[in-house]
Amino acid sequence: MSRSGFYLYHICRLALGGMFLYAGGVKADNVVVFARDVANYQLLPYAWNYLVAATLPYVEAVAGLLLVFNRKVRPAALLLAILTFVFMLALASVVARGMEIDCGCFNPGQGHTSAVMALLRDVGILLLALLTLRLRSRMLS
Amino acid sequence: MTASTRRILLEAGIIFCLGVVLGLSFNTQLVLDAFSGRLTTTSRPATVVADSVEPAPQAAAPASFPIPAILDEVRELLRVGAVVIDARADEIYAEGHLPKAISLPLGEVDDLLKAFKRNVAREATLIIYCSGFGCPDSFDLGMRLIEEGYEDVRVYEGGFPEWRDAGLPVEKGAP
């Protein structure tokens, strides 16, 4: 792998890992408010919103932490790519239903990111995750 | 699928499970409360006379967050005497609200709370609603009332729009 590819890999890994570590951390710190954000999507039975809110931030944080520490990069990046894809489906359903809610992506209960903006942002995050996965695979091959 | 791909998928699954286990271990009570917060037929009617009630038999430790309630649960809770609270502004309340709803707009809670606490027992089952799923006021008001010592606070997230659209009775008039 070229030197530029090497640096690009580490930048992608740290950016992706840091982002999800932060996203998971702030949501884990405010699970109840995050549960409300999840409920706003109107996709799950009520109590399941709490289950998702209680667990999803920790999944994000664990995967982010692994990326930051350069451990199990491919599985962590793949998991985050899958999660991001699921978020995109949820956001697309929000757009399709014409709802106006906060995406709850980062700081729960603070600010407002529309579903369309969040969807566009998730496209970038998905590409970042896939790029990290690919660069890591090339590095190991 | 190559062996390498299978291993990556397996490890991704393990990371996912690890996160879920961690999340559940940190939030066990929250999740248990959310799933057990569904209506029980033993719910006691609430009363508006603070000093004449006994503790609700179902109350274990007071919840630290509002329990979500669906339409059927709200109807059943109201049937057994729960107190319903409208967190929307007065003028919206006047256009239509749930029967017997107490108006307690989130923006005026500091002014109205004293009278509310005088009239509604801490042990009462409270159902708070606002303008539906996108409306955070009912949840925020629920958190505030829990801080004030109310032990059984439910949030009807479907709110007034769902109630009205279900063809259920609606009252009109200022608080």
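B:Ala101 is buried, with a relative accessible area of 6%, where buried means under 20%, exposed over 50% and partly exposed in between (1.4 Å probe, protein chains only). The model is predicted, so that local features need pLDDT of at least 70 and side-chain atom pairs count only at pLDDT 80 or more, while totals for chains, interfaces and linings use all residues. Residues are numbered from 1 along each chain as its sequence is written, chains are lettered from A in the order in which they are written, and side-chain values use heavy atoms, with hydrogens and water left out.

B:Ala101 lies in the loop between α4 (90–95) and β3 (102–103) of chain B, helices (H or I, at least four residues) and strands (E, at least two) being DSSP runs numbered from the N terminus. Leaving aside neighbours within four places in sequence, B:Ala101 is in contact (heavy atoms within 4.5 Å) with B:Val84, B:Asp86, B:Tyr93 and B:Tyr129.

Turning to the interface, the residues that each chain brings to the contact are as follows.

| Chain | Residues in the contact |
|---|---|
| Chain B | 35 residues |
| Chain A | 25 residues |

Chain B and chain A bury about 2800 Å² between them, 76% of it on carbon and sulfur atoms; buried area is the accessible area (1.4 Å probe) that two parts lose on being put together, summed over both. Across this interface the rule finds 1 salt bridge, a side-chain nitrogen of Lys or Arg within 4 Å of a carboxyl oxygen of Asp or Glu. A:Lys72 forms a salt bridge with B:Glu11, with the closest N and O atoms 3.0 Å apart.
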